[in-house]
Every structure is written in C-alpha cells, then in structure tokens.
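Take a look at the model below. We will go through a pocket first, then aromatic rings.

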Amino acid sequence: MGNEAIAWALAQSGCTVVTSYPGTPASEIVDTLLRLQREHKLPMHVEWSVNEKVAFEVALANSYLGARSAVAMKQVGLNVASDPLMSSAYTGVKGGFLVIAADDPGPHSSQTEQDSRFMAMFAKIPVFDPSSPRQAMQMVEPALKLSEEYEIPVMLRPTTRICHSRQDIEVGKISFPPRELCFLKEPGRWAATPRFRFLLHQKLNDKLDKLAVEPSLAPVLLNPEAEGSDACVLSSGVALANVQEIMEDLGLYDQVPIYQVIVPYPLHFLFAETILHEFKRILVVEETYPVIELQLRHRDKVYGRLSKTIPNAGELEPQLVETLLRGFFHLPPLPPSTTITAAEKRPTLCPGCPHRAAFFALKRAMPKAIFPSDIGCYTLGLNLGAVDTVLCMGASISQAAGFYHSHQLGCEDSPPLAVTIGDSTFFHAGIPALLNSVTHGARFVLLILDNGTTAMTGCQPTPESGPEPGSANAVTVSLEEIVRGCGVRFVRTADPYNLGDFIELIREAHAYSQAEQGGISVVISRHPCLMDRSVPHLLPRKKLAVTGDCQGCRYCLDHFECPALLYDDQEERVHIDHVLCVGCGVCLDVCPRGAIEEVGSDG
C-alpha cells in the first residue's frame, strides 16, 4: 500500500520524529511506522498527536535541532496546521522536514477536495507530487535532502489513489546514521519580531528563486521518442498514470510529448519558458486545482481546468481522461458505455454501533431540536435525522453556541439544541469551543459519543485511551475531568445500549439546559466501538427474531436503520439478517409494536 511505502521510506531515511493526527487517506502511514518501530525497535518517536497543529509543531522542533522529521495528515488537517506551516516557511529548518498532506480528489471521505499544492504555494514551500506508490516512496529521501539543502520545509502530496493503491516494491535496509542534536540560538530566526520576519520573507523568496532553476526539479520528458507534434501534455500525480496508459491505448504515446511535473510548485522556470516557445497547444492534466496551469503564461496556448477543457471539480478517472484526450486530439468520441453498474448503497453506521442507539435516544428525547454535529463516523447520524449541520472539526459546539446567541439576540426563545461530537474530535478541536461556549453563557445539550477510539480512520488511540500499548510514560486523560475543567456543571456518563435509561438521561440534561440556574449539560455516551479488536466485548450476544406482530410499518428501518434489519417486499415485513446482526439487542426497544423478541443467547 502507498502509505506503507511512505512509512518505510521515512524509516529508511532516518526520520527520528514522525507525528500525525488520523485522517483518511493518510492514516496508515503512522500505523505502519508504529508497527515497524515495535518490530525493528527503531529509535524513533512516533505519536498520534491531539490535532494536526500540535503534530506539526512537535515534529518541527526536532528539525530545529538538526534531525530529520515528518508530519502526516489529510488535506483538511493541513488547514488546522496552517499557522505553523506558514511561519515555518520563514524560519526554515536545519534537519530535513517533510510535510505529508494526503489529498482526496473525489472526495471519497472528506468535507472538501481542496488541493494541498495550493497550500504549498501559499506557504511558499516546494511540493512533490508522486504518480504511484513506488514513486511516493522514492520521493521521500530527495525531498528530505532538498529540505536540508535549502533549509525549508518540503511537502509530499500523495492522493487517495496513491495512498491506498498496492504495488510490489522492494524495501531497503532501515538505518539511522548518527546525528548530533544541536540547537543554535538565533533569536532573529527562531523567535523573530516583525522586522526580522520581513527579512526572513526576503530570504524565503531568494530560496524560491533558486529552487525554480534547480535542475533536479525540472519536469521529465517520459517519451523522448515522440516528435513532430505541435502539442504536448503536462501532468502530475495519479492523473499522470492515467494519461500515460490512455495515450498508449490511443496510439498517441509515440507522437505527443508527455512531461511529468514532479514538483508542481515552484514550476521550473526554464522549462516553462521552453515549452511555451516550442508548442502551440499545451494540455495540463492535474488534480485537483490548476496549480501547474496557473504558473504558465500565454493563456491562449494553455488548456486545462482554467480554460474549461477539464472539469473544474472531481477526480480524473480513466474514462474521463480518455474522453478529454480524445476531444483535445480530435479523435472519435468514446462509444456509449454498456457497463451495468450496481445501485449505490448509502453508507450507514455498522450493525451494533453504539452511536446508532445514542442518536435514536436523542431523537426520542428531543425530537424538535436543531442537531449540530461534527466530523467522524457519527456524521452518518444524518440518515437518522439526528444531524443537521457538519462543517469542520469541532465546529458543532461553536455552531450550537452561535444558534443560541442568535435566537437570544432576536428576543426569541431558542429552540432545543442537541450537539453530537466524537471523543477524538472533542479532544482535537472541541475543548476550546466548549470553553468558549461556557464562558459566554450558551445553553445546549452536548452528547460526546465516546467509543474509546478514533474509529472512522482505523481505531487509532485517543488521549483518553492512551498512546500505543507499551509506550513509555503513558498517561491517560479523563474526558469527564476535562469537561468539568471547562466549567460544565452537569456531566453524566451512561451506556446508550441501555436505551430507556439513556433517553431519560437526555431529557434530564435538556431540562437542566433550560432551567433558570442551568447551563450547558454534557452527556458522555460511552460504549466501545465494535470494530476495535483491541477491546474485549463482554456483553452476551442476544439471539433475536421478528414475530408475527410485525406489520411492515418500517419504523425500525426509517428511524433506527440497522443494516441487520431487512425488509421483505413480498411478505411486507421485516426480517433479521443473522450474518450481520451482532446481537446487541438495542432494537428490542425500538419497534413500537414490540415485534422484535429475544429468543435465546449465542453465549
């Protein structure tokens, strides 16, 4: 897998500190490094940090000392880390510092499909754009060397198709050449005041001028035998792999020059001038934004997303690339597709997911509430009508406060507000939002959905669960104590599997939030994720059946949406899929006719 290859390369390159916050498609990088660290006893500090900003700053400090470091995250995580990213471009580094920002064109599991190459351009740092897992691995060492030579952070930008694709790759020996850690005190650089920052900005611009003519960063002509065409193709990342393959299929590979842009920013200056002089038409195929295209002058010659030759959103899948190439080179269009695709099934919470029970209880206890929610598995509460807004990490709490204050300002009674956020997301960005909401007197019910892990990205640890097993000086953090430390006076913890009691608890929390002496109330919904294999699940598995009382009203399907509950169109009633059913038994309290019964136990 591409992420595993990147992890190997980081270990082989002697990175001594690697940090991250889990986020698809980047999560397997640190997962793999933690495994390598255990198996090979590597002298590395590898951590799941509390958020991307913290991860960035921890790793950056190691590079200030002259050692090699890396920080990995998904593209929206880079937004969280943008503050240290921008500043570190000015201060620079001593040891190599690699910022791995995994983009998600499509998007498959993200709230945006933003292009991190623009973040690199914004910060004024070079960015490498691999086109395969092997190339992602091969780019790590030269990127770190470049970082050390120019004393500047360097970005590596794999995309989902690179991160999760698999390829046979031979891995090398892992070694850590000794490096002497040394912090050279340079207040004008490391702790600069605005005047010094201005001078650092000028130095950064000088570095960029040199990088723009660095021979090793120039785009590569992949088919030098191609000649006689007045057009050429520029591409980078995984889009390039599709372009190469399709150009061969169309018989164009030996006719039209194809250039791989290895470093989209800064685009090699001499290369840009040369191709603008040599070719009449230049097609730029890149995901997701027009980073390369924007750096080419003479707009009348350049075709890409800006010229609308290529759609300005979405993933460049092979069929689309072929359609674009056929159009650009005046070839017959693709024949209509005869492929029959399966009907899409919308994503839903797993069978037995404790979040489903919590959402069901929330809807029963506060049916008329506004439901701000957050980033994670529980976004799927949307299907249950228990999620009204999702913006970005931690925003659910701030938005609830905003809703409350807006209604107060308009002298209107605030509608009930019920917020949901996961435990890992709460640690990531929810704490400042809760602190702010308490301080400014907002009122709402906050449900922290604590399943003891960062489930959506593969069950990485949280501050409450503690770091990886065996970590030195491991300390865990109490969610309840943090919430009380934020000033919340109503803090209760309960298991949502006990549905009836849980509904009553939410009603109590709502009453407190409305009481004269009340305020924000927090209910911690605690039950382990069923996908977390590291946690024993001790509850007996109930054997369930739907009785003849079922009238096919679909209430359990529409309001509970457990994948193990299936509707039979012919019989017009519900059945239980015992392959999917985990025997949690929460559905026993869901059917309004009591048509679901426990008929035994599986142990």
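**The largest pocket**

Two helices, α4 (75-80) and α17 (423-439), each supply at least two residues of the lining of the largest pocket. The largest share comes from α17, with five residues. Keep in mind that this is a predicted model.

How big is the volume of this pocket? The largest pocket has a volume of about 770 Å³. Its lining counts 41 residues, and those closest to the pocket centre are S109, Q111, I375, G376 and M456. By class, the lining divides into 18 nonpolar, 20 polar and three charged residues.

**Aromatic rings**

Now turn to the rings. A pair of aromatic rings is described by the distance of the centres and the angle of the planes. Centres within 6.5 Å make a pair. By this rule the model holds 11 aromatic pairs. One of them joins F360 and F560. F360 belongs to helix α15 (residues 354-365), while F560 sits in the loop between α20 (555-559) and β19 (565-568), so the pair ties together parts that are 200 residues apart in sequence.

Are F360 and F560 buried or exposed? Both F360 and F560 are buried.

Elsewhere, Y64, F183 and W190 make up one aromatic cluster.

**Charges over rings**

Rings also meet charged side chains here. The charged end of R281 sits over the ring of F328, 4.0 Å from the ring centre. R492 lies over the face of F490, at 4.1 Å from the centre of that ring.

Technical notes:
Residues are numbered from 1 along each chain as its sequence is written. This is a predicted model: local features need pLDDT of at least 70, side-chain atom pairs count only at pLDDT 80 or more; totals for chains, interfaces and linings use all residues. Side-chain values use heavy atoms; hydrogens and water are left out. Rings of Phe, Tyr and Trp (its six-membered ring) pair if their centres lie within 6.5 Å; planes under 30 degrees apart count as stacked, over 60 as edge-to-face and the rest as tilted. Helices (H or I, at least four residues) and strands (E, at least two) are DSSP runs, numbered from the N terminus. Buried means under 20% relative accessible area, exposed over 50%, partly exposed in between (1.4 Å probe, protein chains only). A charge sits over a ring if NZ of Lys or CZ of Arg is within 6 Å of the ring centre and within 35 degrees of the ring normal. On a 1 Å grid over the protein atoms alone, a cavity is a set of points where a 1.4 Å probe fits but cannot get out, and a pocket is an open set with protein on both sides within 12 Å along at least five of seven lines; lining residues have an atom within 4 Å of a point. Grid points are joined across faces, edges and corners, and a volume is the space filled by probe spheres set on the points. Ala, Val, Leu, Ile, Met, Phe, Trp, Tyr, Cys and Pro count as nonpolar, Asp, Glu, Lys and Arg as charged, and the others, Gly among them, as polar.
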